[in-house]
Amino acid sequence: MLKPLIPDHLSLITVPALALILVAIFAQYLTPFDPYAQDLTRALTPPDSVNLLGTDRYGRDILSRVIIGSQTTILSALALLAVISIVGSLIGAVCGFKGGRVDTILMRTSDVFLAFPQMVFAIAAAGALGGGLFNAALALALIGWTKYARISRSLTLTIRKMPYIDAAKLAGTGSAGILINHVLPNIAGPILVTAALDIGTIIMELAGLSFLGLGAMPPTAEWGAMMNNGRSMLQTAPWVILSPGFAIFLTVAIFNLLGDKLRDVIDVRGNRN
Amino acid sequence: MKKFLAAMISAGILISGCGGGNSVADDKNTFTYGTVAYGVAMENAGTNPHESYSGWSTIRYGIGETLFKFNEHMELEPWIAESFAQIDDYTVQIKINDAAVFSNGKKVDGEAVKKCLEHLIANHDRAPHDLKISAITADGQTVTITSTEKVPALLNYLSDPYGCIIDIDAGFDDKIVVGTGPYRAVKVTDTQIDLVRNENYWGAVKPKLEKIIVRSITDGDTLTMAMQNGELDAVQGLPYSSLKLFDNDNFKISQVDTSRVYQAAFNFDTPELQDLNVRRAISMAIDKENFTKVLLDGNGTAAVGPFPANLSFGDNAVHAAAYDLDGAKNLLAESGWIDTDGDGYVDKDGKNLELRYLTYTSRQELPLLAEAAQANLKKIGVKLNVNATDNYKTFLRDGEYDIFSKAIVTAPTGDAEYYFTSHIVSGAVDNAGHYDSAEISRLENELHNTFGAANRSALAVQMSQQILDDCALFYASHLRMSFVMKNNVVGFYAHPSDYYEITAELEKK
Amino acid sequence: MVLEVRHVKKSFNGRAVLDDINFSVDSGECVGIVGRSGCGKSTLAKIIARLINYDSGEIFIDGELQMIFQTPEDSFNPRKTLGWSIAEPLRSVKSDKLSVVSDLLEKVGLPADYAKKYPHEVSGGECQRAAIARAISVNPKILICDEATSALDVTIQAQIINLLKKLCREKNIACLFITHDLNLLPKIADRVIVLHGGKIVEENSTAEIFKAPKSPFTQELLSADLFFQNLQSLPIFFNAR
Amino acid sequence: MRKYILSRMIQLVPILLGITFLTFGMMQFTADDAVDKIYEGSVSEEIKSAKRAELGLDKNFMIQYGNWLGGVITGDMGRSFISGKLVFETFAEKLPATIELMLVSILLTILIATPAGILAAVKQNKFPDYLIRALSFIGNSMPNFFVGLLLIYFLALKLNLLPIIGASVIMPALTLTISMGAKYTRQIRAVVLEELKKPYVMGARSRGVSEFTILTKSVLPSILVPVITLLALSIGSLLGGTAIVETIFMWDGVGKMAVDAILMRDYPLIQAYVVWMAIIYVVINLAADLLYRFLDPRIRYGENG
Amino acid sequence: MFENILSVEEVSVAYGAKEIVHGVSFNLRRGEILAIVGESGSGKSTILKAINGLGGVVTDGQIFFDGREITNLDDNSRRKISGESIGMIFQNAGASFCPVRKIGAQIFESVAAHKNWTYAEFESRAGVIMKNINLDAKILNEYPFKLSGGMAQRAGILAATILNPKLLLADEPTSALDTITQVSVVKELLKLRERQNISIVIVTHHIGVAAYMADKILVLRDGRQIEVGTKEQIFKAPQEIYTRELIKAAA
């Protein structure tokens, strides 16, 4: 199924994106130093040949922390996204396909969640649930799924009217078969694009919550939390804050590019007529 | 459409008109002061001294004054009071300065002081326990205070900010009280106090500034940059890492060692911590020197016990186990805590030594200590789970902690007893570790009945040493406090008591 | 008789779309249904195929029914190969679907390797051929063509109509050919039903309809057709044929 | 139209009920006991239960919710655990600052992003387009707290252009504008490009109408509806963004209030913040919906008859 | 007065790097109607748009209008003749008007680009034309979406002809209409030619429409000119197999 989705010219941007994900997965093998080992004698060392990105106030190697932070930030964003996009899309697809009371109840519920500004709700939910990366992600997920439910529902409603669905019914395919063979494969593309475009936003939101002290807790190396901890050193030791800042920027930029590209590719295919 | 465009353009002009440029008023008569120490989180938002810690704000910002004040050696001097006489162990007679007037022009007489102290005892949460007053009588400029038991440190307690003398009849509307200080509050919010000169000020030195704005800026970085930017005339509570930014001719820094200490109490309800070896091992694993030197940027001294060395009962008189990782490991091993599964943490009966470390963030040094302790203890195989939350009281109440770390001024009144009664003796309000030592109880009882500084000092040393021997708490550092100000500011000094900030001497040249 | 429609009624939001429709189709017969857009033609097709419900009346179908749709590309799942879609109705055929599919493709004049292609990789005409292959795979007794050629270019239209005609004749499939284009009917339909405002206004053999239209609507439809007016007046045109 | 407004208002009721229920439930599920908070431990259980009865905290969940909902409507949302002040009062006191910040940000965004987006679309694949796209891409990939810190560093510290604390709305507004404007520029560009492809543009060209006239008289009014929709939607992220930006710049609005309240577990304040932000968001979206119904004749006169 | 109002000589048109029309030539005299017929993708609309500078680049050949070369004209010069000397109508006339503005304002706007008429002057002149093409004067105050297909097409004719152009380009003007409305629009175009002696190039895939109204027919396939000639030539003696197929398939 992915084969027609990832043509050759997409690879230019998939390379850095995949590289980022690989770095995130194998982060613990890539760090030059233990990202949590303090060495107060080397605290706030500017970037040099030992600590390529310098050290923080505890003398921890920032490069190592940025690398291990990719794991925290990227993998949790991807995991969160995977959960909300799959759950949301399935709910939406079932709503769109079944209609009736199931649809009404689920969609009214999502209306309520949608009525909350995402970050506002996340801030409050993270507050209510207590800090921690998992709770921050959960807070974002509580609202996040609605978007995918909406998209997949409206896609399903469109697909439901397509002649090939009629053809499948005439071919004797049952509801489940139609959902699995015809509806889901066709909403997968747009959902994938939406999700890809969302990665950057989710990373920024998770980092934002951590920055506010509502996400990852110290000493966890998480980019937002690292920036928060480094704030007072913006002037005296800018590398402490700039390194995770640019890590976020770069990651978000790469995933945004990937999303844009993916959208172009899928749109071009979709708009062939 | 045209109208829409016109509206957009005019709005644009409006914005660019009101923005831009530096809106710093370099007015010699207005003083803008940024502080991290004011606000709801510090429980001092307001100026009513009879409410929680608000008295600190009344005193610090020059609104009110106490009967006596501390000099830079933490010795008592008269302030509103002119003199005092200890009638017996239970009675003290205080003579009020005849010149003293409230900012509303009303004279401060014995009756006003009596009314104020009675209101204090009736309303404040800590004062009655400290003062133990049974009766107050007033006669002209004289006030006589009788206590239910011996209170050797009574005058010290009366010099606590809660003892600020205010005009009770003037009320407490809008969090504003009428005191006797050089400045008068005109607007008090949770984040800002606006002050104007007290034209009726009774002191010898008259206040020089027309207007003072005290702004609560709880974010150290904002504070730093606002100061650098010239938006503030002086600041309190800069992050240590920022201090070096002000080490130049444009600024002045006033520094003083305080009795503020960063301590951590072991919870004796935690089974693992009932073992002295474990407590001692943890105390020995904390690298206080580097914490002070690196994380506090040298703005303090590594602590031994609760009191700084400049006090007679301070660190020079006590001793504690030195930083020694191997020694700490041996102690743990002695008690059976050994890393058998190779996960880097010591374990016993298949359980890792894992402790909950509770602290809060409104004192910026505490999370630093927490993270440093976490890394330090990892070296001896103890796992610390840090919970740094400003909601720490809930966790304290629910007992959800094994170590509680806080910052505290141990000798605010220049006397040691307050610290022991509030934090150390069994059942004390702030005895977070539920430390219960018979020896401490005995010594405290003795201290309570002992008059005379030298004797009291000797007892305080014994008690401090007892705490250290029991490893009931560990003490990381004593803080050096710094005020940073523009170089045209004079008469603004950091005081070891941490009480006095804005005074009549303050001016801008 | 393979199809009989009796007193079928359908309304949407209180508006009658189909009002008392009665007709029948004999085995192997091709019936054209013509009308302007919005006259209920497509609704009728979907009702007969049981893709939507109707309000009242009865429909009898003898044997399998299949359908060809207006937009060829949309009648195939874009994420599946043509081969997969053609094989979809063949759930009874357990083995060797591949050869069945290539046989079907051959019948509609497509190379066997088209089974591996995706709908967007082939032209509209080829897609419609594949749709026909899918429709005939289950040997239906009746085939409904709902505007099956209107999205195609004229030259392709002719090819598809010829293919349909040939296959229906070969396999004795009855055909319900629904269109708004009167011109197509002489080429394929034996009989024509004219639908207007949800009602059948005229029903007759194709030749009769074109020779002597009875209802005013049929007459208007015929007179409005510029082809007929003009091309027939050009004798040259018939020479060209 | 009036009928439509009325029906939208009615549709709003279940949503508002849902919002309040969810907020109340979320806080109820985790919150500390308000009575414990009030007395801080030193009081006997009898007094506490009396206080609970007084506050209605001994009632079942639905009754408590009902009481609380009544409070939300009448503006009586209890007192802050920390400051003891009336919650609604505190919220109302801080709201204007947030609204000011938001309005200035939106205005700046419109003023910067609209012309930029249109310019990029008109000059598609020429230098101005590439430049604007590159800038908006960068802006879009930077979290607003990073933008805020960089702004402080460069504008306030290095160039000494703008004040940092309270005094000026410019820096916090600029921070919000950069991320919002970046997104918005991209969207405007896409909308205008889409619009320029519409047949009416070719129609006007074929009639000899100048490009400028086409752009100002036809394209601009046509994109008004999608632009308003986008703006209304971005209010959501703006409301969240203010919390971060207010915290960085010490802007004394409800966002900072909420973050402080969370750090101190001051649940009544958090509750008020969430509920009112959601209500404001819903109302803004409704207003936007009604506005574009009014602006777009196709909807105003009912396209389908 | 030149003999040919429009001459297209060996014209090739490209969109981006792709050449769509290859070497097409034809002439049109005053009052003549030329139909360009072909199947979808044959490039018939492309050539029409290239004449009016609405897309694509003429890579080869020349286009003359009223004796003047208009190949790849710059925007300003193009604007002067567009609407005034060359009018154009589209397949979906309703969509050729901005959906959120009233028809009258939009037509007046294009008039104002060329003439200094007041709105009243415009209204009275438009009124005359509207009477001729059976269009209610009220539609000037309507939004495009309120018009039926036939009405919209007439409004399109009004907008295209109000300045009395010499040439009218019609891009599939009847394809979106049902057969009965088609007839009326075709008849309006023929009446227009009679009244104003206007030349028309009409692009259509509908052989019947071409046969009904054109004097000349150009057959296009894959961007190449298959055949061009008078209607009689094309229908009586089509030279090319494709032309024959096309006519046969249409019948």
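Two chains are in contact when heavy atoms of one lie within 4.5 Å of heavy atoms of the other. In this predicted model, six pairs of chains touch, and the pair with the most contacts is chains A and D.

**Chains A and D**

- On the two sides of this contact are 41 residues of chain A and 42 residues of chain D.
- The size of an interface is often given as the accessible area lost when the parts come together.
- For chain D and chain A the buried area is about 3,400 Å², and carbon and sulfur atoms account for 82% of it.
- One salt bridge is counted between chain D and chain A.
- That salt bridge joins Arg186(D) to Asp260(A), with 3.0 Å between the closest N and O atoms.
- Two residue pairs are in polar contact across the interface of chain D and chain A.
- Helices of chain D that each give two or more residues to the side touching chain A include H1 (2-30), H10 (211-249) and H12 (267-295).
- The most residues on that side of chain D, ten, come from H1(D).
- Sorted by class, the side of chain D that touches chain A holds 32 nonpolar, eight polar and two charged residues.

**Chains A and B**

- Here 16 residues of chain A are in contact with 23 residues of chain B.
- Chain B and chain A bury about 1,600 Å² between them, with 52% of this area on carbon and sulfur atoms.
- Of the area that chain B buries against chain A, 31% comes from Asp221(B), Ser241(B) and Glu371(B), more than from any other three residues.
- The interface of chain B and chain A has one salt bridge.
- In that salt bridge the side chain of Glu371(B) meets the side chain of Arg60(A), at 2.7 Å from N to O.
- Three residue pairs are in polar contact across the interface of chain B and chain A.
- Four helices of chain B, namely H6 (220-228), H7 (240-243), H9 (288-295) and H11 (365-378), each supply at least two residues of the side that touches chain A.
- H11(B) gives the largest share of that side, seven residues.
- The side of chain B that touches chain A consists of ten nonpolar, seven polar and six charged residues.

**Pairs without contact**

- Chain B and chain C have no contact, and their closest C-alpha atoms are 40 Å apart.
- Chain A and chain E do not touch either, with 11 Å between their nearest C-alpha atoms.

**Nonpolar cores**

- In soluble globular proteins, nonpolar side chains tend to be buried together.
- The largest nonpolar core in this model has 168 residues, and Ile248(A) and Tyr273(D) have the most contacts inside it.
- H10(D) contributes 16 residues, the largest share of this core.
- Leaving aside neighbours within four places in sequence, Ile248(A) is in contact with residues of chain A, including Ile203(A), Met204(A), Trp223(A) and Met227(A).
- Ile248(A) is also in contact with Ser141(D), Pro143(D) and Phe145(D) of chain D.
- Another core, apart from the largest one, has 60 residues, among them Met284(B), Leu355(B), Ala373(B) and Ile380(B).

Notes
Residues are numbered from 1 along each chain as its sequence is written. Chains are lettered from A and ligands numbered from 1 in the order in which they are written. This is a predicted model: local features need pLDDT of at least 70, side-chain atom pairs count only at pLDDT 80 or more; totals for chains, interfaces and linings use all residues. Side-chain values use heavy atoms; hydrogens and water are left out. Buried area is the accessible area (1.4 Å probe) that two parts lose on being put together, summed over both. A salt bridge is a side-chain nitrogen of Lys or Arg within 4 Å of a carboxyl oxygen of Asp or Glu. A polar contact is a pair of N or O atoms within 3.5 Å; within protein, one must be able to donate a hydrogen and the other to accept it, and residues adjacent in sequence count only if both atoms are side-chain atoms. Ala, Val, Leu, Ile, Met, Phe, Trp, Tyr, Cys and Pro count as nonpolar, Asp, Glu, Lys and Arg as charged, and the others, Gly among them, as polar. A nonpolar core is a set of buried Ala, Val, Leu, Ile, Met, Phe, Trp, Tyr and Cys residues joined through side-chain atoms within 4.5 Å. Buried means under 20% relative accessible area, exposed over 50%, partly exposed in between (1.4 Å probe, protein chains only).
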